[in-house]
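Hi,

Here is the structure I promised to send over. Have a look at it first, and then read on for what I found in it.

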Amino acid sequence: VPKEVWHDLAAEAAKVIHRGEPDEASLALLRAFAAEGVRRKWAPLDASSPLGCVVSALSLQWRRATACDGELEAVEHEPLPISPSVEVELRQLFHELGVSLEVPALS
């Protein structure tokens, strides 16, 4: 698959991730790009690489889903919780990629 196609696929994957929650679908997308990233030597922290684009999108959704912003909002306005199985796999995959999922503390 040509490099340009992977960039287009990554842009579409990022759109899917931005519209949803960290779930099985976003985990599957990350797995696919991580596997190809190993073959093509894509840097997971380089947002201009296809893997970096997907990592960036999923990191943002992770932080959104796990942040404690201190705001008291109605439950329907909060992100859905991440399922325990997806959380374990995402943490493991991000660790393997060398990407931190820690949410910075509010000051």
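Predicted model: local features only at pLDDT ≥ 70, side-chain atom pairs only at ≥ 80, totals over all residues.

**The overall layout**

The chain has four helices and zero strands. Read from the N terminus, its elements go α-α-α-α. There are 107 residues in the chain, and 34% of them count as buried. If you take the contacts in the chain with a separation of 6 or more, 70% of them come from residues 24 or more positions apart.

**How the helices pack**

For this part you need one idea. Two packed helices are described by the angle between their axes and by the distance between those axes.

Take helix 2 (residues 24-40) and helix 3 (residues 50-66) to begin with. Their axes come within 9 Å and cross at roughly 155°. Angles over 145 degrees count as roughly antiparallel, and helix 2 and helix 3 are therefore roughly antiparallel to each other. The crossing of helix 2 past helix 3 is left-handed. On the helix 2 side, the contact is made by Ser 26, Leu 29, Leu 30, Phe 33, Ala 34 and Gly 37. Helix 3 brings Pro 50, Leu 51, Val 54, Val 55 and Leu 58. Sorted by type, the residues of this contact between helix 2 and helix 3 are nine nonpolar, two polar and no charged.

Next come helix 3 and helix 4 (residues 84-97), which pack at an angle of about 135° with their axes 12 Å apart. Helix 3 and helix 4 are therefore oblique to each other. Helix 3 also passes helix 4 in a left-handed crossing. From helix 3, Leu 51, Val 55, Leu 58, Ser 59 and Trp 62 take part, and they meet Glu 87, Leu 90, Arg 91, Phe 94 and Leu 97 of helix 4. The residues of the contact of helix 3 with helix 4 divide into seven nonpolar, one polar and two charged.

What about helix 2 and helix 4: at what angle do they pack? The angle is about 20°, and the axes of helix 2 and helix 4 are 10 Å apart. Angles under 35 degrees count as roughly parallel, so helix 2 and helix 4 are roughly parallel to each other. Helix 2 passes helix 4 in a left-handed crossing.

At 1% relative accessibility, Phe 94 counts as buried. Not counting residues up to four places away in sequence, Phe 94 touches Leu 30, Val 55, Leu 58, Ser 59, Val 99 and Leu 101. Phe 94 and Ser 59 are 35 residues apart along the chain, and their C-alpha atoms are separated by 9.1 Å.

Ser 26 is in helix 2. Is Ser 26 buried or exposed? Ser 26 is buried, with a relative accessible area of 2%. Beyond its neighbours within four places in sequence, Ser 26 is in contact with Ile 17, Glu 21 and Leu 58. Its C-alpha atom is separated by 8.1 Å from that of Ala 13, which is 13 residues away along the chain.

Gln 61 is in helix 3. With a relative accessible area of 4%, Gln 61 is buried too. Leaving aside neighbours within four places in sequence, Gln 61 is in contact with Ile 17, His 18, Gly 20 and Pro 22.

The last one is Lys 41, in the loop between helix 2 and helix 3. Lys 41 counts as exposed, at 71% relative accessibility. Most residues other than glycine have a negative phi. Lys 41 is not a glycine, yet its phi is positive, at about 60°.

Happy to go through any of this with you.

Cheers

Note on methods. Residues numbered from 1 in each chain as written. Heavy atoms only, no water. Axes fitted to C-alpha atoms, helices over the stretch in contact; angles between N-to-C directions. Helix = DSSP H or I, 4+ residues; strand = E, 2+ residues; numbered from the N terminus. Parallel < 35°, antiparallel > 145°, perpendicular 65-115°, else oblique. Left-handed = near helix turned anticlockwise from the far one by under 90°. Contact = heavy atoms within 4.5 Å. Nonpolar A, V, L, I, M, F, W, Y, C, P; charged D, E, K, R; others polar. Buried < 20%, exposed > 50% of the residue type's maximum accessible area, 1.4 Å probe, protein only.
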